[in-house]
Amino acid sequence: MREQFFYVAVARFVFLHSKHGVVSVRDPIRLADAKRHDLSPLLIYGLSVARLPIRWMTFSTVAEPKPILTVLQEAWAQGEGLRGMPDMLRVNRHVASACPSLASDLAKIGVRLTIAEAGDRTHPAALRSAQDAARWLGWCRTERPGQGDSVSALCQRAADSHSYESSRGARASESRETRDRVEQWLGLPVRETKRFCANGMDWTPGPWLYPQETTIPPTQPRYFHKDELDGRIWLLTGQERGSGRNEVDDDPPYNGREEVPALARNLVECWPNPPAEIATAVGISLRELQWFISGRADLDQNVRHRLERLLGIGVDERSGYFTAFGPYVLIARKPQALEAVYTEISGGGDANPWELLPSTGAADPSWRYILINTYGSPPSFVMVPRGDRIADRLDDLILNFAGSLSVDRSFYQEVVATCARACRSPEANITSMTEFVWRHEQHWTDCAWKPE
């Protein structure tokens, strides 16, 4: 049975500008922010072959939407890769409600309309894939100097892209199973499209067309950039590199803070407390913290300073770079984050790490305690869950790991108690460890700290 998905929504990555024409946005943008850049939203319409990487797209302004029957008729008549009309067309409940006559109109030409179920992931995945593909459409230069690319030019480029992809067949990067299914589909005879009457606008647009914006970072600096290779206009995220410089990949002026989000991300992933508690401790939402540590959005300067203090991040006077000072109690969860944090706090492995074991009695049945005994700075502890796979990789993740070290049982118990106190709240981490270091100042020998 031939099945296709139909969808319509506000395009997330292509907009219309009064001067530049069609503009491609590299990163998602809120519609209010787009309006501040004089960008008007467009509607994206698409048809995808069920469970195959074959799609056809077209566009319109929001002010002048296209009738659904007109879009379908155009797609089935011109989209070679669709192979004509399907047996079944699947839409979401919003499209079905907005166009109540669609089912009966399609039934007249032998196409059955079905509505995607609430748990159906394939239909929304097809729309997401089309949204992303629209961002990378390289439309042709305008023939009129000073005028940007039009919506009709964008539609033509989308049609040309569909024709090219359909004629090329299955991609080598696809799985063997997908390649076989693509070739089998493209080998089907083209089913002639039955002509049907489209009497004007046949559906009612509504709020469901607009993308969910709660996952999009708030206002960020953005600037327009012209790609000299194909003439496309992009709205890029960040600060423009300076007058007369258009290179996207130019390095921005270094202010010493670019490395903080990645450093904070690794610390958060190793912090004993959940990210939500860290966010609450500095007065932001979890989403704002996630945006910052992923590099998608900055924080208010005061909030950023609070986060840096909480996580023990500061400037190394010798190098001038931001680094993790500690002292910390960390939990080994993700190998990459653990390796990165250890490398940071040890200055590239300049440490003498040990696993602490009590000289008498049994060790903690739940956790292993790794002493990160750095040179010239306070020690930190890494708690490793017993039985976790990450425990088998300590030699690889912790450079110069020296194995086990037997310590007095009272000292071992104090380490366990200190780690427990450090885990009570995000703020208690460095405070508890700092107090522990003060109580054991006698363990300093030359530039190293070593338990007796």
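Leu356 has Tyr369 of strand 13 as its bridge partner; helices (H or I, at least four residues) and strands (E, at least two) are DSSP runs, numbered from the N terminus. The structure is a predicted model, in which local features need pLDDT of at least 70 and side-chain atom pairs count only at pLDDT 80 or more, whereas totals for chains, interfaces and linings use all residues. Residues are numbered from 1 along each chain as its sequence is written, and side-chain values use heavy atoms, with hydrogens and water left out.

Strand 12 (residues 354-358) and strand 13 (residues 367-372) run antiparallel and are joined by three bridges, two strands being taken to pair if DSSP finds at least two bridges between them. An open sheet of five strands, with mixed pairing, has the order 11-14-13-12-15. Its edges are strand 11 (329-331) and strand 15 (404-407), each of which pairs on one side only, and the twist from one strand to the next averages 35°. Helix 14 (residues 409-422) lies across strand 11, strand 12, strand 13, strand 14 (380-385) and strand 15, and runs at about 115° to strand 12; axes are lines fitted to C-alpha atoms, for helices over the stretch in contact, and angles run from 0 to 180 degrees between N-to-C directions.

The largest nonpolar core has 42 residues, and those with the most contacts inside it are Leu267, Leu307, Leu311, Tyr328, Ile370, Val382 and Val384. Such a core is a set of buried Ala, Val, Leu, Ile, Met, Phe, Trp, Tyr and Cys residues joined through side-chain atoms within 4.5 Å, where buried means under 20% relative accessible area, exposed over 50%, and partly exposed in between (1.4 Å probe, protein chains only). Helix 8 (residues 260-270) contributes the largest share of this core, six residues. Apart from its neighbours within four places in sequence, Leu311 is in contact (heavy atoms within 4.5 Å) with Ala264, Leu267, Val268, Trp271, Tyr328 and Ile430. Another core, lying apart from this one, has 35 residues, among them Tyr45, Ala75, Cys99 and Phe196.

In helix 10 (residues 286-293), the buried residues are Leu289, Trp291, Phe292 and Ile293, and they pack against helix 8, helix 9 (275-282) and helix 11 (301-310).

Several backbone features fall in loops. Most residues other than glycine have a negative phi, and most peptide bonds are trans. Arg51, in the loop between strand 3 (39-49) and strand 4 (55-61), has a positive phi near 65°. Asn400, in the loop between helix 13 (394-397) and strand 15, has a positive phi near 70° and is partly exposed, with a relative accessible area of 47%.

Over the chain as a whole there are 15 helices and 17 strands, and buried residues make up 47% of the 452 residues. The mean pLDDT (the predictor's confidence in each residue, from 0 to 100) is 86, and 90% of the residues reach 70 or more. It stays under 50 over residues 139-147, for which the model has 21 contacts beyond four places in sequence, and over residues 243-256, for which the model has 16 such contacts. Where pLDDT is low, the predicted coordinates should not be read in detail.
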